[in-house]
Amino acid sequence: MMASILHKEGYRVGLYTSPHLIRFTERIKVNGEEIEEEEVAALAGWMRERIEAAGIEGPFTFFDFTTAMALLYFSRRLVDIAVLEVGLGGRLDSTNVVTPLVSIVTNIAKDHEAYLGYTLLKIAREKAGIIKKGRPFITAATQEQVVRFFSKTCREKGSRYFRVGKEFRYLQTEEGSFQYEGLQKKLWGIHVNLRGSHQITNAATALGAMEVLSDSGYPVSTDAMIQGLAEVEWPGRLEMVCSTPRVVLDGLTTQLEQLP
């Protein structure tokens, strides 16, 4: 959503996500266009030569390598701004080498417990690893213990702390659109081109991030916010491929409730 909004504003935007649905090249995009397979091969060869010449034996993972590839590609393509999705957790994730303009944790749930911990607070500690000194942090988490922990971490690091539901508020309408009220913006009749009520929360989070980024020198217009959300695409995530009969594809959800 953030990449779609920023691109609509006219910025040159890098987007790094995982996992891919069909092609590896889906992971690395600039202005919505996937990296070419030939470019992947060339970058991999370039990186391998320098890793071997430097005598680096590891250990490093597939995700370490691809994260470095994405950052190198974005640098060569001279992007104005990059949106990086954390792979797993946060504190020890490969993407955590960057000093971000803003860090975001959408929510906390019991996932990847074998790696992140078996309680919500332990998982929150790992994800809070992306909160950097003096850099703003946004979350849509609602659990009281998690919210308190994030607040404490931000105070210790001198980071501004924003919450969806507090500084960034939204109200879903019966028509499926929503209203948003943030730091400066008030928007009505916003439509998100993604299915699932959770995407409304995600959209409010993205809009809040846009307001915070404006303070960092990346202003975004109201039109770009509205159009970016209306046109965002995310194949294979509650994607309706047929309306009669209704067929919905979801590549990341293990269980789907019946849709209305």
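Which residues line the second largest pocket? In this predicted model, begin by selecting Gln172, Glu175, Gly176, Ser177, His191, Val192, Leu194, Arg195, Gly196, Ser197 and Ile200, which together form that lining. The space they surround comes to about 260 Å³, and if you colour the lining by residue class you will find 3 nonpolar, 6 polar and 2 charged residues.

Next, turn to the salt bridges, of which the structure holds 10. Select helix 2, residues 37-53, where Glu52 and Arg48 lie 4 residues apart, about one turn of the helix, and show their side chains, which meet in a salt bridge at 3.0 Å from N to O. Glu52 counts as exposed because its relative accessibility is 53%, and Arg48, with a relative accessible area of 54%, is exposed as well.

Move on to helix 6, residues 144-157, in which Arg148 and Glu144 are separated by about one helical turn because they stand 4 residues apart. The closest N and O atoms of their salt bridge are 2.9 Å apart, with Arg148 partly exposed at 49% and Glu144 exposed at 60% relative accessible area.

Finish at Val241, Val247 and Leu249, which make a nonpolar surface patch of about 220 Å². Val241 belongs to strand 11, residues 239-243, and with 45% relative accessibility it counts as partly exposed.

Methods:
Residues numbered from 1 in each chain as written. Predicted model: local features only at pLDDT ≥ 70, side-chain atom pairs only at ≥ 80, totals over all residues. Heavy atoms only, no water. 1 Å grid on protein atoms, 1.4 Å probe; cavity = no way out; pocket = protein on both sides within 12 Å on 5 of 7 lines; lining within 4 Å. Points joined across faces, edges and corners; volume = space filled by probe spheres on them. Nonpolar A, V, L, I, M, F, W, Y, C, P; charged D, E, K, R; others polar. Patch = residues over 30% accessible without salt bridge, like charges linked within 9 Å, V, L, I, M, F, W, Y side chains within 5 Å. Areas by Shrake-Rupley, 256 points an atom, 1.4 Å probe, with all protein chains shown as cover. Salt bridge = Lys/Arg side-chain N within 4 Å of Asp/Glu carboxyl O. Helix = DSSP H or I, 4+ residues; strand = E, 2+ residues; numbered from the N terminus. Buried < 20%, exposed > 50% of the residue type's maximum accessible area, 1.4 Å probe, protein only.
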